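Hi,

Here is the structure I promised to pass on.

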Amino acid sequence: MGETTPLTRRGLLKLIGNAAKYSPFVLAGAGAADKTADEVQVALTDSFESDGISYLPIYEIHSSQKGTIPLPEETSGFFMEYNIIDWVYEHDIHNIYTLPIDELVRVISMRPIDASYLETARQHHFPVAFGDIVRYAQEVYPLIKIASNKDTQQFWNGIYLIVGSALPEATRLALSTKIPKMSRRRFLTLSLAGVGALTGSWLTSNTKMFEEKTIMKAIETDPFNRFLLRLYGMSSNLHPEEPFIFVRNALQALKIKTLAGFTKQTNPHPLIPFDTGAMHGGTEDFIPLPDDFLRLLIAYTNRFYMSQVVKKYTAESVATTRLIAADDSRVFHDLPPLVDKKLLALLRNIPDTPPTSPRPVDQGSSDR
């Protein structure tokens, strides 16, 4: 319980070890075929299935007012990545876990996209879940830097390797029309199996191209744009040293699954849409992982980060999924919160005071 330093990529891969079933981290061997099948399913149906539960990922640019994806009528519960930090209400300071329900709904409704989701929840009476964490009001992305010509070439080379190694020939043929500066013959004949996919993910990492080619296209529905968005998500899973994305992906995945388990009590085959920022595409890869594994990633990947999060929110809040739902009068009320007691036990062992300061980071964009 005494580890205090952030986990590196090498440490993460060592932690995963020989657990081949955790294929979302590395598209290698037989796992590549399964992951490809999942991606094809999402491309065709917009959703994917895990343990009998259907999940509908919705990615967006938080600052944009475009691209609202209507929630299906069969929605069983909806997870929203929304974070309110240090909100002063009636002379007290609140956050997403403590803000009174009326003020919470009012604040969320200030953004048209979110207001439309709440209106759908009012009409169909399904629960809306919250459970995001942010250490500060603004945090930075040290893995994103201004792209040089070398970065650009590296980014596209990584895409070539991933597409050429993991996707079926027909899909490669369709995508090849979108690939710039690459001969059609070379692109279509790539066949490096899972090794190529893993190498490609590493090559695409740490470049401004991710933001330019993926995040800013989150509101577009072209299948190729989703491919780029998911590429960022999968590659971000190889960067546990950036907790603002990695740890939050793991926590949000665990809470999305908690919401799904709650709805499954009354619906054996629930549909759970979840709305997050475009940088959180890696959440999809965390959802199929065992809950206990996710809890370990949350608690131990970066103890410095989590110690500050726990100090800010309390361990009880971080381990809780807040639920709200509208009654027959279309008025929202709090439902009993879902507390992950196993995660809470791990978080209570994290020191209140951060042990050491992490390395300085470059300035970058901020998330909600």
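**What I found**

Let's start with Arg-295, which is buried, with a relative accessible area of 10% (buried means under 20%, exposed over 50%, partly exposed in between, using a 1.4 Å probe and protein chains only). Before going on: this is a predicted model, where local features need pLDDT of at least 70 and side-chain atom pairs count only at pLDDT 80 or more, while totals for chains, interfaces and linings use all residues. Residues are numbered from 1 along each chain as its sequence is written, and side-chain values use heavy atoms, leaving out hydrogens and water.

Back to Arg-295: you'll find it in helix H13 (residues 291–300). Helices (H or I, at least four residues) and strands (E, at least two) are DSSP runs, numbered from the N terminus. Which residues is Arg-295 in contact with, leaving aside its neighbours within four places in sequence? They are Leu-254, Asp-340, Lys-342, Leu-343 and Leu-346, where contact means heavy atoms within 4.5 Å.

As for the protein chain, it has 16 helices and 10 strands. Of its 368 residues, 55% count as buried.

Next, the largest nonpolar core, which has 73 residues. Such a core is a set of buried Ala, Val, Leu, Ile, Met, Phe, Trp, Tyr and Cys residues joined through side-chain atoms within 4.5 Å. Tyr-55, Leu-104, Phe-130, Ile-133, Met-306 and Leu-347 have the most contacts inside it. Helix H11 gives the largest share of this core, 11 residues. Met-306, leaving aside neighbours within four places in sequence, touches Ile-133, Val-247, Ile-298, Val-318, Leu-347 and Ile-350 by the contact rule.

H11 itself (residues 243–263) has 21 residues, which should span 30 Å at 1.5 Å a residue, and its end C-alpha atoms are 29 Å apart, which agrees. (The expected span is 1.5 Å times one less than the number of residues.) Of those 21 residues, 18 are buried.

Finally, look at strand E2 (residues 53–60): 7 of its 8 residues are buried, so the rest of the structure largely encloses it. E2 runs antiparallel to strand E1 (residues 48–50), with 3 bridges joining them; two strands pair if DSSP finds at least two bridges between them. Glu-49 stands opposite Ser-54 in E2. The hairpin of E1 and E2 has 2 residues between the strands, and there Asp-51 takes a positive phi near 55°. E2 also pairs with strand E7 (residues 271–277), in the parallel sense over 7 bridges, and Leu-56 has Pro-273 in E7 as its bridge partner.

Cheers
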